[in-house]
Amino acid sequence: MTHLPLLLALQLSHQPWRHPVIFGLLLLVLPGPSLAAAFAYLGATTGDEQRPVRLFARAYRQLFRRAVLVSAPFVLLVIASVADAVAMRTTPLGAAVVPMAVVVALVAALAWPVALAHVAGGGAVGRRLFLLAPYAVVRHGVLALMNLVLGIVLLFLVNQAPLLGLAVLPGCVLFVVWRNCRVMVVFQGRGAVADPVVREAVRDVAREVVREVVREGRRDATDSFRSRTSRATAPGC
């Protein structure tokens, strides 16, 4: 429902790149708050417990402003990168500029839901978020690639069968993307891990490291004591 204006605009114009201002504004305002509200709804749903739909509406109202602020840099960067790639593809510099523009657009597009997952989880909006969201994409390249493949498959299937695709696929893809983004959000707070599963895994690893260090320290101390004892009891000492 929240994307009806965008869907209507796409129905009226099958070449959105010819109307960058209109579609740019729609992309800035509509998808970000909807995605953040969906992430917040999924985060509030635990196990088989079904939350009322009004929770999504409340999250949409509460997160609208922050989601738009977070979406703006990523969406503008994607639009600018795609425009540069299209404009310079036939120029002498195109061979060097187009690949860089494509990489920037992909990283920005994949970092966008990661930043929205951070906001949906109650995280603050700041300069650190815009730097660490792309870093999370690069660090968790496999999960980011999975999100990209799921998005491409979703668009392809919806284009082939719009009614069936929109009725069945978006919910499944959204859940997987949300789970991946929760794992990728490793910068909530100062040095903390947002996802409880990942946080517990980090704690287990830390415990094992501490145990290993203590074990090695005891072994070294025992070896040193035995060495000193053997020297002290050796003949001629």
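M88 is partly exposed, with a relative accessible area of 24%; the term covers values between buried, under 20%, and exposed, over 50%, found with a 1.4 Å probe and protein chains only. M88 belongs to helix α4, where a helix is a DSSP run of H or I with at least four residues, a strand is a run of E with at least two, and numbering starts from the N terminus. Between the C-alpha atoms of M88 and V98 there are 7.0 Å in space, and the two residues are ten residues apart in sequence.

The structure is a predicted model, in which local features need pLDDT of at least 70, side-chain atom pairs count only at pLDDT 80 or more, and totals for chains, interfaces and linings use all residues. Residues are numbered from 1 along each chain as its sequence is written, and side-chain values use heavy atoms, with hydrogens and water left out.

## Overall architecture

The chain contains nine helices and zero strands. Its pattern along the sequence is therefore written α-α-α-α-α-α-α-α-α, with helices taken as DSSP runs numbered from the N terminus. Of the 237 residues of the chain, 29% count as buried.

## Helix α3 and its cover

Helix α3 spans residues 31-44 and has 14 residues. From its first C-alpha to its last it reaches 20 Å, close to the 20 Å expected at 1.5 Å a residue; the expected span is 1.5 Å times one less than the number of residues. Helix α3 is mostly covered, as twelve of its 14 residues are buried. Among them are P31, G32, P33 and S34, and the buried residues of α3 also include L35, A36, F39, Y41 and L42.

## Contacts across the sequence

F39 and V119 are 80 residues apart along the chain, and their C-alpha atoms are separated by 9.2 Å. V119 is found in helix α5, residues 94-120, and counts as buried at 0% relative accessibility. A36 and G121 are 85 residues apart in sequence, with 8.9 Å in space from C-alpha to C-alpha. G121 lies in the loop between α5 and α6 and is exposed, with a relative accessible area of 52%.

V29 is placed in helix α2, residues 20-29, and counts as partly exposed at 35% relative accessibility. V29 and F64 are 35 residues apart in sequence, and 8.6 Å separates them in space, C-alpha to C-alpha.

## Aromatic pairs

A pair of aromatic rings is described by the distance of the centres and the angle of the planes. Rings of Phe, Tyr and Trp (its six-membered ring) pair if their centres lie within 6.5 Å; planes under 30 degrees apart count as stacked, over 60 as edge-to-face and the rest as tilted. By this rule the count comes to three aromatic pairs. One of them joins F74 and F130, a tilted pair at 5.8 Å centre to centre with 45° between the planes. F74 lies in helix α4 (residues 54-88) and F130 in helix α6 (residues 127-139), so the pair ties together parts that are 56 residues apart in sequence. F74 is buried, with a relative accessible area of 5%, whereas F130 is partly exposed, at 25%.

Another tilted pair is formed by F175 and W178, with 5.6 Å centre to centre and 50° between the planes. Both residues lie in helix α8 (residues 162-184), three residues apart, about one turn of the helix. F175 counts as partly exposed at 41% relative accessibility, while W178 is buried, with a relative accessible area of 7%. R179 lies over the face of W178, at 5.7 Å from the ring centre; a charge sits over a ring if NZ of Lys or CZ of Arg is within 6 Å of the ring centre and within 35 degrees of the ring normal.

## A nonpolar surface patch

L145, V149, V153, F156 and L157 form a nonpolar patch on the surface, with about 440 Å² of accessible area together. Patches are made of residues with over 30% relative accessible area and no salt bridge, with like charges joined within 9 Å and nonpolar side chains (Val, Leu, Ile, Met, Phe, Trp, Tyr) within 5 Å. A salt bridge is a side-chain nitrogen of Lys or Arg within 4 Å of a carboxyl oxygen of Asp or Glu. Accessible areas come from the Shrake-Rupley method with a 1.4 Å probe, and for residues only the protein chains shown count as cover.

F156 is exposed, with a relative accessible area of 51%.
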